[in-house]
Amino acid sequence: MTRLGLKAIGQVRDAQILRSIVSEGCRLDRCGVDDGGLGLRPRVEEGVLLRDTLVMGADRSESAYQRSSLWARGRVPLGLGRGSRVHAAILDKNVRLGCTVQVIHKDRLQEADRSELGLDRKSTRLNSSHLVISYAVFC
């Protein structure tokens, strides 16, 4: 069965995509995707490297004006900001990841109890104030 309506037009500019699935509407700007998957409409900015990562996508796109307005107010627009690194993770739909953020699985944890830090493996909440994230829901 096919979907009615307009399909999102994607844009790929000088991106390196290896062994990955890229859905419609993706905006990839001078980034790298290796062994991953990108759902509908994610925006991946310049210098982002994704390895062994699934990005669920976005419900909508934001215009250049909306994005610059969000940055001006100290908010983060939809997508993955410039220079960010993500390794072995699943990023939920409508993710907002700031610039130069690292989501890495550096401890290679399978199970962990870090309740003293207020962390729960099943519900770790990430926000744009994190610069290095080494504990989240990793695959």
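In which loop does N94 lie? N94 lies in the loop between β12 (90-91) and β13 (96-97); helices (H or I, at least four residues) and strands (E, at least two) are DSSP runs, numbered from the N terminus. This is a predicted model, in which local features need pLDDT of at least 70 and side-chain atom pairs count only at pLDDT 80 or more, while totals for chains, interfaces and linings use all residues. Residues are numbered from 1 along each chain as its sequence is written, and side-chain values use heavy atoms, with hydrogens and water left out.

**Stop 1: two positive phi angles**

Stay on N94. Its phi is near 65°, a positive value in a residue other than glycine. N94 counts as partly exposed, at 27% relative accessibility; buried means under 20% relative accessible area, exposed over 50%, and partly exposed in between (1.4 Å probe, protein chains only).

Now select D14, which is not a glycine either and has a positive phi of about 50°. D14 sits in the loop between β1 and β2 (16-18). With a relative accessible area of 63%, D14 is exposed.

**Stop 2: the whole chain**

Show everything as a cartoon. The protein chain has 1 helix and 15 strands. Of its 139 residues, 36% count as buried. The chain exposes about 8,800 Å², and carbon and sulfur atoms supply 51% of that area; accessible areas come from the Shrake-Rupley method with a 1.4 Å probe, and for residues only the protein chains shown count as cover. Among contacts between residues at least 6 apart in sequence, 35% join residues at least 24 apart; contact means heavy atoms within 4.5 Å.

**Stop 3: the open sheet**

Select β3, β6, β9 and β12. These 4 strands form an open sheet in the order β3-β6-β9-β12, with parallel pairing. β3 (21-22) and β12 stand at the edges with a single partner strand each, so one side of each is left without a neighbour in the sheet. Two strands pair if DSSP finds at least two bridges between them.

Walk across the sheet from β3:

- β3 and β6 run parallel and are joined by 2 bridges; V22 has L38 in β6 as its bridge partner.
- β6 (residues 37-40) and β9 (residues 54-57) pair in the parallel sense over 3 bridges; L38 stands opposite V55 in β9.
- β9 and β12 run parallel, joined by 2 bridges; L54 stands opposite I90 in β12.

**Stop 4: the core**

Which residues have the most contacts inside the largest nonpolar core? They are L38, V44, L50, V55, L80 and V86, in a core of 17 residues. A nonpolar core is a set of buried Ala, Val, Leu, Ile, Met, Phe, Trp, Tyr and Cys residues joined through side-chain atoms within 4.5 Å.

Select L80 and display its neighbours. Not counting residues up to four places away in sequence, L80 touches R43, V44, E45, V48, L50, V55, V86, L91, V95 and L97.

Next, select V76, in the loop between α1 (64-72) and β10 (79-80). V76 is buried, with a relative accessible area of 10%. V76 and L97 are 21 residues apart in sequence, and their C-alpha atoms are 6.9 Å apart in space.

**Stop 5: salt bridges**

The structure holds 12 salt bridges, each a side-chain nitrogen of Lys or Arg within 4 Å of a carboxyl oxygen of Asp or Glu.

Pick R19 and D34: the closest N and O atoms of this salt bridge are 2.6 Å apart. R19 lies in the loop between β2 and β3 and D34 in strand β5 (residues 32-34), so the pair ties together parts that are 15 residues apart in sequence. R19 counts as exposed, at 59% relative accessibility.

Then pick R30 and D29, whose side chains meet in a salt bridge (3.9 Å, N to O). R30 is partly exposed at 33% relative accessibility, whereas D29 is buried, with a relative accessible area of 15%.

Last, pick R60 and E62, with a salt bridge of 3.8 Å, N to O. R60 counts as partly exposed at 42% relative accessibility, and E62 as buried at 10%. Salt bridges that share partners join R43, E45, R60, E62, R67 and R96 into one network.
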